[in-house]
Amino acid sequence: MTFSEVLSSMTKAIRLLISVIIAPGLIFLLAKSFNFSDFFTLFYKVNWPYIFFAFLFYILVNLARSIRFNLLLGNSVSFKDIISVSFIHNFLVSLLPFRTGELSYPYLLKKYRGISVSTSFGTLLLSRFFDILVVANLVTLAIFFVSQESLPKEIAVVALAAAIIAMTVSLFLIFFAGFLTKVFSFLFKTRLFFGASGHTDSFSNFSSVFLSARDKNYFLKLFSFSLLIWLLNFLVGVFLFRAALFDFNFLETVFIFSLPMIVSEFSPVQSFANLGLYEWSLVGGLMIFGISRDTAAQSSILIHGVELIFSLLLGMAGFLFLFIEKHD
């Protein structure tokens with residue numbers, strides 16, 4: 001075992017240990033803030049038509065993601081198949097800790113459609129960079145319009161800096177893919193990376209996905225679909241807030257819902273379905289806008305529960321589509 005492999009194993013073990021210790025604590029604190037009486041009062045006050053609209057837009061989000069995956073794969077997979085894969089992938093990402101659900105996308109494409117892991121992983125990673133790019137732009141816009149009224153200066157500055165860094169890194173990795181490809185290809189060929197050159201072909205497939213994004217028209221298509229995905233995604237948040245009787249506007253919703261996304265991406269603390277972590281990050285966003293901690297805690301549990309049901313329903317639909325096709 002090489003030093004890099006040992007270091008990677010140690011890092012994973014440390015992250016797992018931190019999660020095992022801290023995540024249950026967050027769930028325990030959330031449970032202490034949970035009041036059945038207040039929750040049922042909130043539940044009975046839910047505006048259910050907004051839940052319906054939230055689910056409708058949630059379906060549209062995942063259909064748009066399927067279209068983008070199809071575009072990234074060069075339309076080499078039928079739209080029906082990519083919908084199944086996308087729905088299952090979305091559910092497992094929502095359920096499994098440490099983003100391990102992401103592995104379902106290359107696995108399913110390899111198993112059912114013979115797409116190489118390097119190609120499918122490249123398309124997945126590129127889609128994530130476009131996600132970061134779009135969300136960073138929307139968060140920057142949100143901070144610009146809401147920070148003067150609602151956000152503490154320190155939070156606004158830190159959030160703005162993070163958004164600018166995210167945009168810069170995403171654009172660098174997309175537009176300097178050619179330079180990075182040459183560097184890593186050299187390392188592969190000279191056996192300086194992973195100690196072997198047998199990965200050259202896989203890396204070539206992977207890097208070609210990023211190189212294609214430098215084409216102006218292709219880049220605009222990917223950016224447009226990514227923008228559509230996140231506009232619809234944050235509209236889901238608007239409807240969920242309306243269902244919970246909050247009257248946040250679109251940009252306020254962008255800022256509040258971006259906190260759980262950022263935490264779930266980068267936090268060393270993880271749990272199944274991000275229980276505890278998601279709720280407390282959402283509570284933090286709601287409290288910034290003047291919502292009491294208890295109300296925010298009850299609402300965050302309700303909202304996260306609804307989102308998990310949405311992802312479960314689409315995941316079941318994806319598994320059903322694959323099952324039907326397999327037995328046709």
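Are F130 and F219 buried or exposed? Both F130 and F219 are buried, where buried means under 20% relative accessible area, exposed over 50% and partly exposed in between, with a 1.4 Å probe and protein chains only. This is a predicted model, in which local features need pLDDT of at least 70 and side-chain atom pairs count only at pLDDT 80 or more, while totals for chains, interfaces and linings use all residues. Residues are numbered from 1 along each chain as its sequence is written, and side-chain values use heavy atoms, with hydrogens and water left out.

**Aromatic pairs**
- The structure holds 19 aromatic pairs (ring centres of Phe, Tyr and Trp, the last by its six-membered ring, within 6.5 Å; planes under 30 degrees apart are stacked, over 60 edge-to-face, the rest tilted).
- One of them, F130 with F219, is tilted, at 5.2 Å centre to centre and 50° between the planes.
- This pair links distant parts of the chain, 89 residues apart: F130 belongs to helix α6 (residues 117-146) and F219 to helix α10 (residues 216-243); helices are DSSP runs of H or I with at least four residues, numbered from the N terminus.
- F248 and F289 form an edge-to-face pair, with 5.7 Å centre to centre and 70° between the planes.
- F248 is buried at 7% relative accessible area, and F289 is buried at 14%.
- Ring pairs join F241, F246, F248, F255, F257 and F289 into a cluster.

**Residue S300**
- S300 lies in helix α13 (residues 293-326) and is buried, because its relative accessibility is 0%.
- A polar atom of the S300 side chain lies 2.8 Å from the backbone oxygen of A297.

Notes. Helix = DSSP H or I, 4+ residues; strand = E, 2+ residues; numbered from the N terminus. Polar contact = N/O pair within 3.5 Å; in protein donor to acceptor, adjacent residues only side chain to side chain.
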